[in-house]
Amino acid sequence: MGANTQSMIFTLYGDYIIRYGSKIWIGSLIRLLKEFGHTEQNVRVSVSRMVKQGWLQSEKRGNRSYYFLTKRGEIRMQEAANRIFKLKPTQWDGKWRLLMYSIPEDKRQIRDELRKELLWSGFGSFSNGCWISPNNLEEEVKLLIQKYDIANHVDFFTAEYIGPHDHEALIEKSWSLAEIEARYEQFMDQYSKQYIIHQSAISRQEMSDAECFVERTNLVHEYRKFLFIDPGLPQELLPPMWSGNHAALLFQEYYNLLEGPSCRFFEEIFHADN
């Protein structure tokens with residue numbers, strides 16, 4: 001449950017708390033997460049882990065502890081929100097970004113962390129120590145080089161690919177689009193049915209604000225997982241009828257349906273306790 005609780009806290013910060021000044025009393029967080037079956041102890045342990053990891057900072061007011069996003073946390077949330085709510089793939093400038101590194105064995109932990117970050121940003125592992133992306137990720141790479149202090153171990157290029165294969169071959173080597181597509185199909189299969197059920201329940205006023213809050217948070221939580229597996233390739237490099245585009249539309253419609261009531265529920269707890 002620990003990692004799961006932490007992941008849910010990220011979802012709440014990214015989808016709600018950041019809109020209200022990024023700061024929340026720990027008691028409110030505990031009340032909100034109780035809706036999903038997370039215990040007070042799990043919430044406290046996860047929050048203190050997130051402080052250690054540099055995502056959150058704490059502030060005391062009297063005997064109350066408030067937690068807010070660090071600068072790094074805010075940047076990550078903003079980046080995630082931009083990608084989650086993007087309805088259409090971007091246009092491609094025709095260039096590839098190559099990040100090459102050779103990180104010594106005694107810094108293996110940094111190397112593992114860096115790999116996770118690169119995957120999250122949308123890089124694909126082209127070959128050992130060489131990661132590629134068709135997206136302009138210069139800012140993200142700069143931040144990673146600073147964060148892990150690895151300027152001596154990396155080189156970053158913008159390049160044009162001139163063969164002998166086509167761009168699709170590069171993509172095939174670096175990502176498994178068929179697997180990503182299958183995950184999108186699964187998401188649509190589950191959530192298109194739920195969307196119709198909830199649409200009719202809301203129109204008949206058979207869903208409480210608390211239920212809408214739980215459903216919307218679960219929806220975002222589930223959809224957010226695509227940030228870790230979908231590199232967000234530009235339109236020109238995607239197969240025709242890419243399922244990710246259809247999933248994005250379904251997500252947006254469903255999210256809009258639940259937004260009003262779920263915000264009411266969140267605000268009720270947030271304003272009562274803060």
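**Domains, sheets and loops of the predicted model**

In this predicted model, 6 residues of domain 2 are in contact with 7 residues of domain 3, contact meaning heavy atoms within 4.5 Å. The centres of domain 2 and domain 3, taken over C-alpha atoms, are separated by 30 Å. The chain is divided into domain 1 (5–75), domain 2 (96–159) and domain 3 (176–272), with bounds that come from an automatic or database domain assignment. Residues are numbered from 1 along each chain as its sequence is written, and side-chain values use heavy atoms, with hydrogens and water left out. Because the model is predicted, local features need pLDDT of at least 70 and side-chain atom pairs count only at pLDDT 80 or more, while totals for chains, interfaces and linings use all residues.

UniProt lists residues 5–73 in an unreviewed entry as "domain: Transcriptional repressor PaaX-like N-terminal"; its positions are given in the numbering used here, feature names are shortened, and annotations may be inferred rather than shown by experiment. The span 5–73 is 52% helix and 22% strand, and its end C-alpha atoms lie 17 Å apart. Helices (H or I, at least four residues) and strands (E, at least two) are DSSP runs, numbered from the N terminus. Strand 2 (residues 56–61) pairs with strand 3 (residues 64–69) in the antiparallel sense over 6 bridges, where pairing requires that DSSP finds at least two bridges between two strands. These strands form a hairpin with 2 residues between them, and Gly 62 in the turn has a positive phi of about 65°.

Next comes an open sheet of 4 strands, with the order 5-6-4-7 and antiparallel pairing. Strand 5 (124–127) and strand 7 (154–159) stand at the edges with a single partner strand each, so one side of each is left without a neighbour in the sheet. From one strand to the next, the twist averages 30°. Strand 4 (residues 96–101) and strand 6 run antiparallel and are joined by 4 bridges; here Arg 97 stands opposite Ser 133 in strand 6. Helix 5 (residues 108–121) packs on the sheet, touching strand 4 and strand 6, and its direction makes about 170° with that of strand 4. For such angles, axes are lines fitted to C-alpha atoms, for helices over the stretch in contact, and values run from 0 to 180 degrees between N-to-C directions.

Asn 135 belongs to the loop between strand 6 (130–133) and helix 6 (138–148). Asn 135 is buried, with a relative accessible area of 14% (buried means under 20%, exposed over 50%, partly exposed in between; 1.4 Å probe, protein chains only). Not counting residues up to four places away in sequence, Asn 135 touches Thr 90, Arg 97, Pro 231, Gly 232 and Pro 234. A polar atom of the Asn 135 side chain lies 3.0 Å from the backbone oxygen of Gly 232, and the backbone oxygen of Pro 231 lies 3.4 Å from a polar atom of that side chain.

Asp 149, in the loop between helix 6 and strand 7, has a positive phi near 50° and is exposed, with a relative accessible area of 61%. Gln 205, in the loop between helix 8 (177–203) and helix 9 (209–224), has a positive phi of about 55° although it is not a glycine; Gln 205 is exposed at 72%. The peptide bond from Gly 163 to Pro 164 is cis, with omega near 10°, and Pro 164 is found in the loop between strand 7 and helix 7 (167–174).

Definitions and conventions
Polar contact = N/O pair within 3.5 Å; in protein donor to acceptor, adjacent residues only side chain to side chain.
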